[in-house]
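I opened my notebook to get to know a new structure. Here is what I looked up, one entry at a time.

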Amino acid sequence: NDAYGKGGRDELVSALNKIGASYEVVATQEFPMSQLDFRGPFTSILDAKPDAIVFWNASTGAGVPTTIRTYSEMGIKIPLIAGAGVVVESTVDQVGNAADGMFSTDFYFAEIPPFDTIPQNVAFVARVRKDFNITPDKYMAMGALAVQIWAKVANEVKSLDKKAIATAIRGHVIKDTLVGDASFGDNGQL
């Protein structure tokens with residue numbers, strides 16, 4: 001029931017329409033970020049007899065694990081598909097086998113290809129493990145990546161001026177980062 005969830009839903013519908021996919025949305029549930037009981041929403045969704053359940057939830061600390069556990073505890077057998085970026089490694093650690101059979105995508109996992117072969121990432125993971133005794137998740141990696149790219153570009157342009165740094169990032173490739181070579185669009189999007 002926020003911009004993230006509604007935006008994700010709207011983008012999915014737009015993408016499906018764009019490719020001419022045949023589908024029917026049989027149920028939609030919206031709830032506040034603080035909600036932690038999903039039995040009611042799942043029951044309502046199941047009453048509509050969907051072929052799959054797609055969910056977005058920005059509350060990766062509580063909402064996402066609770067959604068996954070509830071899905072598992074209710075014995076739901078239809079596919080559960082999490083929007084991109086919803087499920088992080090720490091979530092899977094929290095819910096264990098309850099995540100089995102769930103589908104999701106993301107842009108960073110510390111210990112799987114290609115990231116486990118990128119020297120900058122390997123060093124980053126080793127340092128985080130040494131200093132904090134944990135494996136970094138995407139939030140840690142993306143924070144480190146932002147600082148790394150900013151520092152590389154500031155050093156390259158020999159300036160801390162944000163306009164100079166932004167200009168040097170937009171439409172360029174920054175080499176040898178935690179994610180390999182980072183390509184940026186003209187709008188600055190990675």
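My entries follow, starting with the ground rules.

**Ground rules.** I am working with a predicted model, where local features need pLDDT of at least 70, side-chain atom pairs count only at pLDDT 80 or more, and totals for chains, interfaces and linings use all residues. Residues are numbered from 1 along each chain as its sequence is written, and side-chain values use heavy atoms, with hydrogens and water left out.

**Aromatic pairs.** I looked for rings of Phe, Tyr and Trp (its six-membered ring) with centres within 6.5 Å, calling planes under 30 degrees apart stacked, over 60 edge-to-face and the rest tilted. By this rule I got three aromatic pairs. One of them is Phe31 with Phe38, edge-to-face at 4.9 Å centre to centre and 65 degrees between the planes. Next I checked burial (buried is under 20% relative accessible area, exposed over 50%, partly exposed in between, with a 1.4 Å probe and protein chains only). Phe31 is buried at 16%, and Phe38 is buried at 2%.

I also noted Phe42 with Tyr71, a tilted pair at 6.2 Å and 50 degrees. Phe42 sits in helix H2 (residues 39-47) and Tyr71 in helix H3 (residues 63-73), so this pair links parts of the chain 29 residues apart; helices (H or I, at least four residues) and strands (E, at least two) are DSSP runs, numbered from the N terminus. Both Phe42 and Tyr71 are buried.

**Helix H2.** Which residues of H2 are buried? I found Pro41, Phe42 and Ile45. They lie on the same side of H2, because they cover an arc of only 95 degrees around the axis (taken from the directions from the helix axis to the C-beta atoms). The face turned away from that side carries the exposed Arg39 and Asp47. The buried residues of H2 pack against strand S1 (53-55), H3 and strand S2 (80-82).

**Thr67.** This residue lies in H3 and is buried at 4% relative accessibility.

**Asp137.** I found Asp137 in the loop between helix H5 (119-132) and helix H6 (138-157). What is the nearest side chain of opposite charge to Asp137? That is Lys138, 8.3 Å away, and the buried Asp137 has no salt bridge (a side-chain nitrogen of Lys or Arg within 4 Å of a carboxyl oxygen of Asp or Glu). For charge, Lys and Arg count as positive and Asp and Glu as negative, with His and the chain ends not counted.

Methods:
Contact means heavy atoms within 4.5 Å.
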